[in-house]
Amino acid sequence: MSSSALLKAARGAAGIASLAMVAGCASPPNNDRTDIREAGDGFPALNDNWHDGGRFVEPRNILRIREGQTKDQVRQLIGSPQFSEGFFGVREWNYVFNLYTGEEGGEYLTCQYQVDFDDDMALEDSSWRDVQCPELLVPTKVAEDETLVLSGDVLFDFDSDQLTLEGRRALERVAQSAKDKFTSPGMMIVGYTDRFGSAAYNQELSQSRSDSVADYLSTQGISRGDIRTAGRGEADPLVECPGARATPSVTECLRPNRRVEITIIDLAEG
């Protein structure tokens, strides 16, 4: 091969390598994705342009979405977005999920879900188009003198009292529901853990978690002075699971015990 031919081949190889490096920093192409057409509310329009019936997804995977996750981590949990929103530096992914309603006959609701990324392409926020959709994942409707039970695994990361993204969203719906239904809502919030860990540590964690819930609700229009909190540690378990070690199966079995209970009363009637 002549020297000029060798030079051309080398330049061609360098160009291909450079393109591969740039593509590796961007979202992978997906020719099956629908082009974005705005509906006027920040979400894509589901009209004649939409060619996918929606994706059935494991609800728990959506609840595992966390701030700071990479695009690859999001894709592992809920798949690739169903809309083509560009190639380089995409900061918004849009999905259409089918979520079962729990009613007989396999009824489901088609829901639009949006994930936003920051400048570093780390997950920054998420949102639903329809308010009834997140209720299918974490029911938060409240009634007077009834106790609302929220999963500690949804509200908090493991061994933490810091509220997750979905946890904050759930509490925002609790606060709105309480304000809509009651003139002057008051709350009793009780945190619980499972049986693993020392009694003293579990007591401290459960109290800290109930305080975190109360503090966040106070930013959503519920007076902090009208909220009482308590930590009960591993007391009053809802389920009993055999096993002396915190294996994944035992930990999963004990999930109902890791919870926060919220009881709401109308102080205007007191």
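These legends describe close-up views of a predicted model.

**View 1. Strand β5 between its partners β4 and β6**. Strand β5 covers residues 108-117. Seven of its 10 residues are buried, so β5 is largely enclosed by the rest of the structure. Strand β4 runs antiparallel to β5, and nine bridges join the two. One of the residue pairs is N98 with T110 in β5. Strand β6 spans residues 123-128 and also pairs with β5 in the antiparallel sense, over five bridges.

**View 2. The hairpin of β5 and β6**. Five residues lie between the two strands. M121 sits in this turn and has a positive phi of about 60°. F117 stands opposite L123, a residue of β6.

**View 3. A nonpolar surface patch around Y100**. F56, Y100 and Y108 make this patch, with an area of about 350 Å². Y100 belongs to strand β4, residues 92-100. Its relative accessible area is 52%; Y100 therefore counts as exposed, the cut-off being over 50%.

**View 4. E135 in helix α4**. The helix takes in residues 132-137. E135 has a relative accessible area of 15%, so this residue is buried; the limit is under 20%. The side chains of E135 and R173 are joined by a polar contact of 3.4 Å. Leaving aside residues up to four places away in sequence, E135 touches T140, K141 and R173.

Key. Residues are numbered from 1 along each chain as its sequence is written. This is a predicted model: local features need pLDDT of at least 70, side-chain atom pairs count only at pLDDT 80 or more; totals for chains, interfaces and linings use all residues. Side-chain values use heavy atoms; hydrogens and water are left out. Helices (H or I, at least four residues) and strands (E, at least two) are DSSP runs, numbered from the N terminus. Buried means under 20% relative accessible area, exposed over 50%, partly exposed in between (1.4 Å probe, protein chains only). A polar contact is a pair of N or O atoms within 3.5 Å; within protein, one must be able to donate a hydrogen and the other to accept it, and residues adjacent in sequence count only if both atoms are side-chain atoms. Contact means heavy atoms within 4.5 Å. Patches are made of residues with over 30% relative accessible area and no salt bridge: like charges are joined within 9 Å, nonpolar side chains (Val, Leu, Ile, Met, Phe, Trp, Tyr) within 5 Å. Accessible areas come from the Shrake-Rupley method with a 1.4 Å probe; for residues, only the protein chains shown count as cover. A salt bridge is a side-chain nitrogen of Lys or Arg within 4 Å of a carboxyl oxygen of Asp or Glu. Two strands pair if DSSP finds at least two bridges between them.
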